[in-house]
Structures are given as C-alpha cells and as structure tokens.
Amino acid sequence: MNRKFLKATMLGTTAILSASLAQDNFREPQYRDVQGNVTLEVWSWVPGLDKTAAEFTKQFPNIKINVVNLGGGAQTYNRLQTACRAGSGAPDVAQIEYGFLPTYIETNCLVDLRTLGASNLRSYFVPWTWRQVSPRNQEVYGIPQDTGPLAMIYRADIFKRYNIPVPRTWDEFARAGARLSELSKGQVKIGNFFSTYSPWFIALVWAQGGQMWRQNADGSWVQTLNNPTSKAVAKFWGDLIKAGYVSTFPAFTPDFWNPMAAGRIATSMEAAWGPGSFAGSLAQNPGQGAQYRVANLPQRTLGSFASGNWGGSSNVITRQSKNPQAAMLFINWLNTSRTGIVSDWNNGGLFPAAQAGLSLPELRNPDVNPSKFFGGQDVITVYQRASQAVNVDFTWAPWLPAADAVFADVMAQAIQGRITFEQAIDQWQERTLAEARRNGYKVTGGQ
Amino acid sequence: MVTFTVFFVAPVLYAIYLSLFIPQQVNGNLTQVFGGLQNYEWALQDNQFLKSFIHIFFFGIIQIPIMLLLATILALILDQMVDGFLKRFFRTAFYLPYTIPSVISGLLWGYLYSLNLSPLNYIIQQNGGQPINFLASTPMTLFVIGNIVTWTWVGYNMVVLFASLQGVPRELYDAAKVDGATGWNVIRYIKLPLLRPALFLTLLFSIIGTSQIFAEPFALRSIGFVPNDITPNAYLYAVGAQNGNYSYAAALALVLAAVTFIFSSFFLRIIARNSNDQ
Amino acid sequence: MTNKSASIWLVVVMFIFSIYFLLPFYWILVSVTKDNGQLNTTFGLWFAYPWHLLDNFHEVFTRNGGIFWRWLGNSFLYSTTAATLATLFAAMAGFAFSKYTFFGRSFLFTLILGTIMIPATALAFPIFLLIQNVGLANTIWAVILPQTVSPFGLYLMRMFWDQSFPNELMEAAKLDGANDATVFWRLGVPLIQGGLVTVFLFTFVAVWNNFFLPLIVLGNNNLFPLPLGLAGWAATQTGSTPPYSAIILGALIGILPLVLSLLFLGRYWQAGLTVGATKG
C-alpha cells in the first residue's frame, strides 16, 4: 500500500469519525462548480444516463449535459476514433472500456486528467481500476466508472422445472447442458456463446489465468491470443455448440432477448452490469414465470474461485473539449457522488468502481432494479465476491478493435463448422498479428 | 469546373499521396513514415480485401441479371397495358422503394429478417419449427442484401426502361402489325433492340452501385453479425474507422476505384461491340 | 395485340409483384401501432391491441430531447442546399459544354463521364481528411460541399441544353449584344426549367439517401441527417433494447417527403430518366 493511499484512507477514517450521524462510511470529494453556463456533450451507452445527468444538472444548474448514445462498443468507438483523428467532432466526455483505452491513448486523443486534479481522486477507487486508467502509472486518462466481474445469470424456474442443480463447475455446466437438451428435446440450451464480443471470451480466459498481451520495456509487444487456456476455453464451448447444448445468438439483440424470455436459454455468463442490462432489455417482455437469479461463475474445480472481467468502463475527457473543468466536475461527480452512483445502479445497473460505492445500502435495496428484477436477490454481493476473485493484472493492446473484429469473423466460421474452434483461435492470433503489424505496431507472436 | 476539380480531382490526388505512407512505431509512438508501395503490396495480400471482392463479384453476377431481367419484364408488361389507374398504380408501387434511403430500407428489411420480428419466422415458430437465422453465413447475408438491393432498384430500372419504350414511335408497332408480327416477335425484334441503350445505362449504374454497397450491411449489424469483409466498402470503413489506418484505407479505396473503372469499361466495351456486330 | 386471358394473367403477375414491393410498407403501417413487446410477440402482418400509435409518436418526437425534428431539418437543409448548388453548377457547366467550343472539350467531357464510374464512397475518406485540413470537419459544409458536384447531373444538363436551347437562339442573342450571363439567365434558364427540376430532384434524392459521407465526416449528433440518426437509435445497446417502434415510425415520417414528391412531381422524375436512357 503506497503512502498516498494510506493517507487517503486515514483521511477517510477521520471523515467517518467526525460524521457521527452518518449511518455508513460513504464519503464524497468536494465538488467545486465552474463559472458560466456550459453544455457538455457526453457519448455513452449507459442506459438511463440522461436521468443521472439530470440529477447532476439539478445540483449544478449552470452545466447542461447532452447525452448521446451511439450504441455499445464498436459503434461508438469507430465514431470516436474518426473524430479524434479528424481533430474535431469529438464530445467533451466519452465512455471507454478499460480494454479500449490504450487505443485512444495511442492516438493522443485524451486529456491527462492530472492537469485537472485527478491525482487526488485515486484513493476513492478500487486500486486495479486506477491502474487501468493510468497504465503507465503516470498520466491519468480516465475516471473509473464501473467494472464487469463475471458471474452467471440463470433462470431458476428452468432448473426447477427440469430438476437439475445449478452448475458450480464447468463440468457440471456441460453435464447440465446434456441433460437439459435431453429432457427438453433440444428446445432449451444451457447457455449462449457471445461470438461477436471478444472481450466476453477474453474474460472467460482471464478467469482461468490466460493472458493475451504483454508489452516489453522497449515498447514492442507480444501477443498470445492462442495461449493454451484460450484454446481450451474455445474447445469447451465449441464442443457444447456442436452438440447443440449451447446457442450462439448475437448479444444485445432481440434475437438473444426473446429466446431468453421464452425460456429457451437457461444461463448466461454476464458481467456485473449484466443484471441491469437484463432488467432494462427484458422489461417489456420478461417471459412468463421467469425467475432470473445470479450465481457464481462456474469454476474449474469445486473449491477454487476465480473470475474475469468483461468491460467495465472509464469516463474520459477528449482534447477537443472546450470545457475540461466542467467535464472533470461531471465525471468526478458521476463516479464518486452518492447520487451519481445510486442513479447509475438503478437506471443502468452499473457496478461502481468507487470503493465506497460498493457498500452503499441503496445498492442492496430489493425493491428497485436491478435487484427487483432478480426477485429481490442481493445481486451486488454476488458480484462483489466475483470482483475480489479477478486477477487484476491484465494488459490490453491498442489494436483491440482489430482483434475484436477478427474474433467475430473466425468464430462465425467455426460456428458454421467450416473450421474447428481451435483453428479459429489460431487464425485469430495470426490475422490479428498481421493487422497489428500493418497498423504499425512492433509485435511478435508467442506462447 | 473549379468545384469539380476541388471535389473530384483533389481527393484522388490526395488519396494517392496518402497511400504512400505507413504507420510505424517509433520510440513507442505511432508515426506516419514514407512506405512507398508497401500499402499496395499489403492490399494484394490482404485476404479480407480479396474476399470482399469475391463476395461482391458473385453478388453482382447473380443479383444484377435478376434485377435487370425483372425490370425488363415489368417494363414490357407495363408498356402493354392500357393507360389508366392500374398502370399508374403499378408504376408508382414498383418505384416507391427507390425513394427510401438505403440504410433505412436496410434497417426495415433487417427487422423483417430477424429471428424474432420476422413474420415468416413467426409463422414457422407457431407451427413448431425452428426460426431461420438469415445471417447465419456469408452467402445467406449476401442473399439478404441482394433482396434488399433488388427490392430498392427494380422499380427504378423498370422506369428507366419503360421510359425508353415510351419514346418509341407508335407507328413502328403498327407497321409491324401490318407485317403480321405476333406479340412475342414485336418484343423480340423491335422492343428489345430498342431497349439496348437504356439497358447499357442501367447495367453501368448497377455495376457501380454494386461496388459501393455499404449502408445495407451496416444497417444489418443491428440485428446480427455481418463480417467486415462482406463488401469492399465495409472493409474500407473498418480499416479507416476501426483501426484508424487512413493511409491503408486510401490505398484500398484507389484499388477499388481502379477495379470498378476497369470492370465497367470492360463491360461497356463488350456490349458496345456486340451491338455493333448486329 | 394479345388475347384477353393473357392480359389478365399479366395483371395477376403485376399484382404479385406489387405485393412484394408494397408488403414492407404495409408491415411498417402495422408496426407503428405496436410497442416493442408486441413487435416481439405478435404476428408482424396483423394489428395487435391495444394500439400504441400515439405513444410511438410521443416517443419519436421527445426522445433525446426531441432531436428527431432536428435530424429531419438537417436532412432538408443538406439536400436542398446541395441540390440547389449542384443544379446550378451542372447547369452552368452543361451550358459551357453545349454552347462553346474550347480546347479539349470532348476530352474533358469524357473525363467527367469517366468519374461517374469511380465509386463516390471510395473518395469519402480522402475527402474527409481534406475537409479536416481546411477546418470544416464536423460542420454542415462537410456534408454539403462535396455533394455539390454531380457528374451525372452535368451529363443530363448538357443533354437538356442540346435539346431545348437551339444554337441559333444563342447566336441571335449574341448579335443583339447580350453577354453570356444574360443569355444564360434570361433566355436559357426559362427554357430548361424542366431539366433544372429534374436534376434538382435527382441530386436531392442522392443527398437525402447518402449515408457513407455523413457517417464519416460528422461526429455531432445535432448535425446528423435523419438516416444517420435513426441508424444510431437502432444500434445495439447493452442495457436496453432499441426503440424499434419509434425507429419504424421515424423511418415512415422520414420517407414521406420523397414519396409525396414522387406522387406529385412524377413527370419530372420520368423526364430525367428518359433523357438519360435514350442518349445513354
């Protein structure tokens, strides 16, 4: 534990002692308003962020927030990438997943938030998230927003109906898949493989200790997308897909939500923001008698416990922002204030990156979403356990967008049966390597 | 002339200039350095780029003839019909899809093709069948795009062809009738030859249009997976917007322009020669 | 010419094709009365109760602070401005090609026709970078200026000048001492009005339907034309389903202007096609 952190913790402790009336140890930094009327443009796909932003404007009426939702992941990134290169058209604030941050650091698109006083905020966040926004341990490129430790969302009613225990290990998962398929005559799948989102797959590999990238001291890279763990995970899911136990509906489309609601998919490996996503997307069509619950991610063996991280985002300020001070105030408030964290949880299901946020009693309220949608289950505690089991030392390469696109392509071919899933992983490595080199990076393959 | 130069010649020259550079990691940071013809060398070895051409080539040789055949048949039938409400109705109905922006028709058809919103899949599921995933493979995705493109452009092409049939002096038909020509012979020996110039034009525009397909696959992404190499333009967009590699994108764009140019000139020449022979 | 039963069969064939072309429109009309849940669970080609048409209108007009109107307005602004300028440029250049003989005329004309064969989208990235260099990226000019050049419009305009404005008239006017500008505006423009409308319509539709260029050059939501905005709504989301009903209704409202113009200005649409086709 470094000195700064210790100091901050001590400060925090003092705050708790002095606030004798407070029921919990939540603390917020001092927010200092800026002069004049400002409108900030914010690119984010967090559901309901406009509601949270309205809360902010209530508190700081001189700052209006214009939330623009261009769609999750690549859809926003492609636009941001273009705007950054163009030197205009970028928003004041953008949402970027940790894995994609290096891409924008590389293009020199982001403001070093130390110039806006971000150094003082370090102690408010879960330490590994701070390392993600400050990968060189100097410049700070974003304020951590949420994290995405993996757990398993499942349909309790389906397991009950077929009298199958909820799987705790991957072996049990595979067996449950076979049993479910047999009993339902192939109608119900045990799970779904998100073939178009490589960060999902990477998180599963991550949970089992596989690493995809590392950077050498001279700045050159080593890429190991085809590491043994990666291949083993791909083979595991590939076998289940071939056997017909697992479906491959594209994530976040009605083609996934509808079979989920109709009871044709029993589980889904979801990040901590998943429950919020379920509650929002299935609101109009939850499915008859559906009981959604969360359990730990299946493990290699009983008794072991590990998880990986899918997504989780930071808020960044682009160099094109004309009001970096106001933008800083907003992203600081959004991610450290009680109002911001609670609103983001209820409207968007964001699992906060702020340390104190995790213990907020409001996040355990069974009567509001996402907990309400999960039958009042204390969803956040399950994910808090998962969060502690994430190996936090994970490096991302700046060409993740290319790796992501290639992954979707090779997996589509594997699903069509044109290549095996292990071959797909080898192709993923080779093709991404070629693209990274073409885009100028010094990178070698390795194991 | 000036505007023409600024917006057509300048971008071409700039693209050529741009395509001679490559990004490189210098002291940890990406920098643009002079790369000569490196980008073109990569382009010729780039499997995804080649695949996108193969896709669009097969797409073209199947979809364009179907579309133009349909357009011709519909134009001929329309030409036979007596003026009146029905004729106007059909013409407008067939032409209507052309007025819809391609990305919007892509979105709407996308919903008609999706696993759950599609009425066809609804009927299949009601009868206990498995819904069809129309984006399950690249050929199927191309088929879906083909249908959208056909739906949009048949009417347009039909009106072009119909318009040139209307330009034919009626006396020609009367003369043919006097000579005892039957309906089919009138079509075969009078109308089809007269349609030739219009068919040229529609064919040319179809080839160019096919090489540019982008909005439809882009829109289809909202219902499922569409690979980047589905069409050259989609790949171009990925290289530029996703990877930020504009110099490579410029090289690919020039290759695409050159191939389209050669292809359409080649086609025009063949057709022109054939028509001169007759 | 053909016997009665054959022509009935032809009409039947035409009806079948009409169903193919009109079915999506019918589906749109049905879908705009449903909410997302009904879209997912009820038969797409028939209505479901209760109706949600008014809710959908409300959603379209208020979503993201009522930005729909802005997008629609942008589409009109871009299409009208670009089409007006493009028509003007095409008319002037067509006039020059048609009425003057100058060195390299036929070569230049062939060159311009040749550019029809270069896919416009291939130039989008270079255009974008050029625009960015002059500081116009992410402004309305980034969309408008590149689309003021229409080789096809120029080609059409030359045909119109050749057909509707006899060279003798030009010479007569010149003898009367009129300068080029006067001939063009006073004598020429009234004579080729039909051609102007046709070229205007065609470039208007082309700009209205263009997707690739605005996608690349625009970043600001407030500057989007309608198709780009709707595509944004339709993009896959992590935490909520896209507002399908609102997108479909928005699309319907967005295509109405062109459909109406087709119904009322039909003869101009056809005029352009005739000229293009017979001389092609």
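## Chain B against chain A

Across the interface of chain B and chain A, twelve residue pairs are in polar contact, both residues of each pair being at pLDDT 80 or more. A polar contact is a pair of N or O atoms within 3.5 Å; within protein, one atom must be able to donate a hydrogen and the other to accept it, and residues adjacent in sequence count only if both atoms are side-chain atoms. Five elements of chain B, namely β1 (21–26), β2 (29–34), α3 (47–80), α11 (232–242) and α12 (246–277), each supply at least two residues of the side that touches chain A. The largest share of that side comes from α11(B), with four residues. Helices (H or I, at least four residues) and strands (E, at least two) are DSSP runs, numbered from the N terminus.

How many salt bridges are counted between chain B and chain A? The count is one, and the side chains of R438(A) and D46(B) meet in a salt bridge at 3.3 Å, N to O. The term stands for a side-chain nitrogen of Lys or Arg within 4 Å of a carboxyl oxygen of Asp or Glu. The contact takes 34 residues from chain B and 34 residues from chain A, where contact means heavy atoms within 4.5 Å. The area buried between the two chains is about 2,900 Å², and carbon and sulfur atoms give 43% of it. Of the area that chain B buries against chain A, Q25(B), F225(B) and Q242(B) supply 23%, more than any other three residues. Buried area is the accessible area (1.4 Å probe) that two parts lose on being put together, summed over both.

## Basis of the model

This is a predicted model, in which local features need pLDDT of at least 70 and side-chain atom pairs count only at pLDDT 80 or more, while totals for chains, interfaces and linings use all residues. Residues are numbered from 1 along each chain as its sequence is written, chains are lettered from A and ligands numbered from 1 in the order in which they are written, and side-chain values use heavy atoms, with hydrogens and water left out.

## Chain B and its interface with chain C

Chain B has twelve helices and two strands. The C-alpha atoms of chain B fill a box of roughly 85 × 60 × 30 Å, taken along the principal axes. Of its 278 residues, 58% count as buried, that is, under 20% relative accessible area, with exposed meaning over 50% and partly exposed in between (1.4 Å probe, protein chains only). Among contacts in chain B between residues at least 6 apart in sequence, 66% join residues at least 24 apart.

Chain B also meets chain C: 84 residues of chain B are in contact with 80 residues of chain C. These two chains bury about 7,600 Å² between them, 83% of it on carbon and sulfur atoms. Between chain B and chain C the count of salt bridges is zero, and four residue pairs are in polar contact, both at pLDDT 80 or more.

## Domains of chain A

Chain A is divided into domain 1 (28–147 + 311–364) and domain 2 (151–308 + 393–445), with bounds from an automatic or database domain assignment. The C-alpha centres of the two domains lie 27 Å apart. Their contact takes 15 residues from domain 1 and twelve residues from domain 2.

The two domains of chain A bury about 1,200 Å² between them, 62% of it on carbon and sulfur atoms. Helix α4 (residues 101–106) of chain A gives the most to the side of domain 1 that touches domain 2, with three residues. Across this interface there are zero salt bridges and one residue pair in polar contact, both at pLDDT 80 or more.

## Nonpolar cores

A nonpolar core is a set of buried Ala, Val, Leu, Ile, Met, Phe, Trp, Tyr and Cys residues joined through side-chain atoms within 4.5 Å. The largest has 303 residues, and W213(A) and W428(A) have the most contacts inside it. Domain 1 and domain 2 of chain A both give residues to this core, so it lies between them. A second, separate core of 27 residues includes L204(B), F160(C), W161(C) and F165(C).

Leaving aside neighbours within four places in sequence, W428(A) is in contact with residues including F201(A), M212(A), A403(A) and F407(A).

## D112 of chain A

D112(A) is placed in the loop between α4 and α5 (127–133) of chain A. Is D112(A) buried or exposed? D112(A) counts as buried because its relative accessibility is 15%. A polar atom of its side chain lies 3.0 Å from the backbone nitrogen of V140(A). Apart from neighbours within four places in sequence, D112(A) is in contact with E139(A) and V140(A).
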